[in-house]
Each structure stands twice: as structure tokens, then as C-alpha cells.
Amino acid sequence: MDNVKPYKIAVPQSEIEALNQRLRTSKIPHLFEDKWERGPPAGDIQNITKYWKDEFSWSAFENRLNQLPQYETTIDLDGFEPFQVHFIHQRSESKDAIPLLFVHGWPGGFWEVTKLLPILAQSEKDGGPAFHVVAPSLPNFGFSSRIDQPGFGLRQYAETCHQLMQRLGYEQYASQGGDWHDHPLHGRLPPRSPARDPHQHDLRRPSAPTSPWAFLRFLGTHLLGLYSDREKAGLKAGADYMERGQGYFQIQKTKPNTIGIALADSPVGLLAWIYDCLVSWTDNYEWTPQEVCEWVSLYWFSRPGPAASVVIYHEALKGDWKTRGGISVPGTKLGFSYFPKEVFSLPRFWNRRLGDVVFEREHDRGGHFPAWEQPELLAGDLRVMFGKGGGAYGAVQNMPRA
């Protein structure tokens, strides 16, 4: 594999000391009404800040991360300066292993895959399919490069991941993701979902001119309320999200510099911004102070810096995203795992319009970060979908490893 080098995280001690100094001088206000209805309670932020300052050890966490098989490579896309991409690459010993691309979103990262890695490594021993797992830090995240040039949207993120997989010798591969995710073979949310922007037409919803019969079905189902209980709950969650939960989205979409400057200057501000989503988007997951500090520290110490991560909302929600959103590659087999506390969930037959949906499963628990909250369930779905008798069995032709 040309141009692929081992990678070790190495944050200078001076940066760790600078963070601790900022934490020591932080000012957390007294709030008149300290309830989740208004955002993260100041009491929670104060307690986690104290833990971050007094008990959390970045060095110990860094050492643990460096036990993972990490690499970096240079990616060269038309119109952009070459940039570095950091990634985890866990290879299977099986010659029949399926290459699996794991794509993270915001405010997650490559580390979300760490709970899946041992389960997928065990999969073959348990009679299931084996996987080569590749989990990159997307550009502007983690330990990949910052992209300063405008115009780096979803097409460029997809091309980056595709070029990475080809670089590793995987001409064909499966992918899993549920946030910013392009052309999945297995995913929780559809690719390039326009439903994230209430001002954009959702290409999954049938329209009369393009799909008259599907539109009539949609109209009848909608007017008569013929959705399942879970679909109704998903639609209600989506409406609640649009009404009260997407303030972060609108700010990052329209004013990434405004929030970016604040996040880059204040570690406690970054903590509050991310902690809000971690708690709000999960299914009663008991976040420990250690976990929260790990997630937030990975943004604070990231190669591009925390401000870079929010730019994806601004760049992705313009340009060709508006015309290609929600469209899958012809012949791609799709799968959906539905978790009840996902940010929003659309009627199932809308999603089936994306392409050849060969796998669907409803779960009784889990939210927006299933690889972290419910890794056994997510891994189980991958095993079924790509295993013998599964809808995607044989869809990925096994390629020799480079």
C-alpha cells in the first residue's frame, strides 16, 4: 500500500497544560432555571469540568488509543491541495473478509468504532461473516487535515472515503453510517438526507409528477394515519427536533465561523455544545464523566481544531447536495437499522424508495450513536445482512488485500 503510514497520536505536553489552565480559569454562570429544557444544566457542566481538570488523564487515554491499528495517508482531490487522512484499519485474517467502511458524523469520530472492533473481530469465530474494518477521521475531524478551501462538500467527503478504500486495495466494499454518510450498503439514516434541512424537499417523499402511484400511496397513508406506532413516534420525534432540537444545526449551517471561534477558544463551551447532543440524542445512555471528557478532548486536541468540524454543515448543505441528496448508486443494496431514540425516523416505505432495501430491523433500544450505545445490536445487524442468507450476502466480491 503506497503512501500509507502507521500513525500514533502525540499531543504535546504544552497543549495539555494549556487546556488545564483554561479549565482552571473557566467561568460557569449561575442559571436562573437550570433544566434540560433550556440546554445542558450548569451543574452537569461544572461537575464534568472539575473531573476534566482534576481526574481525567489525556496521556492515559492517548496511550489506549495508540493500541489501535492507526494509519494515515495523503489524499489528492481535484481542486484541493493534498491533505492527510487518519484512519483505523483492523484487518481480518480471513481471505473472505468483507471490507467495511465505518463513517462517523458530528459530534462523533473514528473512536465510535472501537466498541464494534472486538465484536466484528469475533464474528467469523461465531460463524458469521468476517470484516476488514476501516474507520477514517473525516477531513476537518479527528487527526485528519483541515480543509481551508471552500467547496469541500459531501461529494468530496464521499470521494475521500472511496479513494481511501481503493488505496487499501478494496475496489468493492460495504459501508455503515448514520449521519453524514454517502451511498451506504448499511445505514441508519439514508445517504445525504435532505430531511435534515426543513427548507429542502425530501427526495424520499414521493411527488406527484415523478412518482404518481407512490405519491397516491403516500397521500392515503398520511391522510388516514396508517403509519405504524413506531413510524408515528419517529415522525413526532422529527417534528420535535425541528421545533426544539436543531438550533445547533441552523447555527453551524449558516454561521460556522461564529460558533467555531467560540468552540476553539473555550473548552467548557465546547463541552457544553457537545454534551447537549450526547445526552439529547441517546436512549438514556449513562454517560460517564470519563467518556464525555474523552469525546470532547478528541475535538479539542484534533489536528484541525474544533472549529473545523462544524464547517461540514455549511459546505455540505449547498451546491450539488441539493440536487443529489437521497439518491443511491444503482444496484447498491441498502439496509436500515431503526433505533427508537434516533433524532428522527421516517416512514419505512419512504426509505425503500432510495433503492434496493434488502435489510430492515426495528430495535427496542438505542439512539443516534448505536455503535457506542448498542454495539452488539448494530454488529448483529451487519452479521445478518452480510451473512449467509442475508439480503447482501455476496454483494461485495471479496478482493485481495493489498
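Contact here means heavy atoms within 4.5 Å. The model shown in these views is predicted.

**View 1. The largest nonpolar core.** This core holds 93 residues. Trp58 and Trp106 touch the most other members of the core.

**View 2. The largest pocket.** The volume of the largest pocket is about 920 Å³. Its lining is made up of 31 residues, and those closest to the centre of the pocket are Asp240, Tyr241, Gly245, Ser280 and Trp281. Two elements, helix H7 (229–245) and helix H10 (267–280), each give two or more residues to this lining.

**View 3. Make-up of the pocket lining.** Helix H7 gives the most to the lining of the largest pocket, namely eight residues. Sorted by class, the lining has 12 nonpolar and 11 charged residues, together with eight polar ones.

**View 4. The whole protein, for orientation.** The protein has 402 residues, and 54% of them count as buried. Its secondary structure includes 17 helices and nine strands. Among contacts between residues at least 6 apart in sequence, 76% join residues at least 24 apart. The accessible surface of the protein is about 18,100 Å², and carbon and sulfur atoms account for 51% of that surface.

Technical notes
Residues numbered from 1 in each chain as written. Predicted model: local features only at pLDDT ≥ 70, side-chain atom pairs only at ≥ 80, totals over all residues. Heavy atoms only, no water. Core = buried A, V, L, I, M, F, W, Y, C linked by side-chain atoms within 4.5 Å. Buried < 20%, exposed > 50% of the residue type's maximum accessible area, 1.4 Å probe, protein only. 1 Å grid on protein atoms, 1.4 Å probe; cavity = no way out; pocket = protein on both sides within 12 Å on 5 of 7 lines; lining within 4 Å. Points joined across faces, edges and corners; volume = space filled by probe spheres on them. Helix = DSSP H or I, 4+ residues; strand = E, 2+ residues; numbered from the N terminus. Nonpolar A, V, L, I, M, F, W, Y, C, P; charged D, E, K, R; others polar. Areas by Shrake-Rupley, 256 points an atom, 1.4 Å probe, with all protein chains shown as cover.
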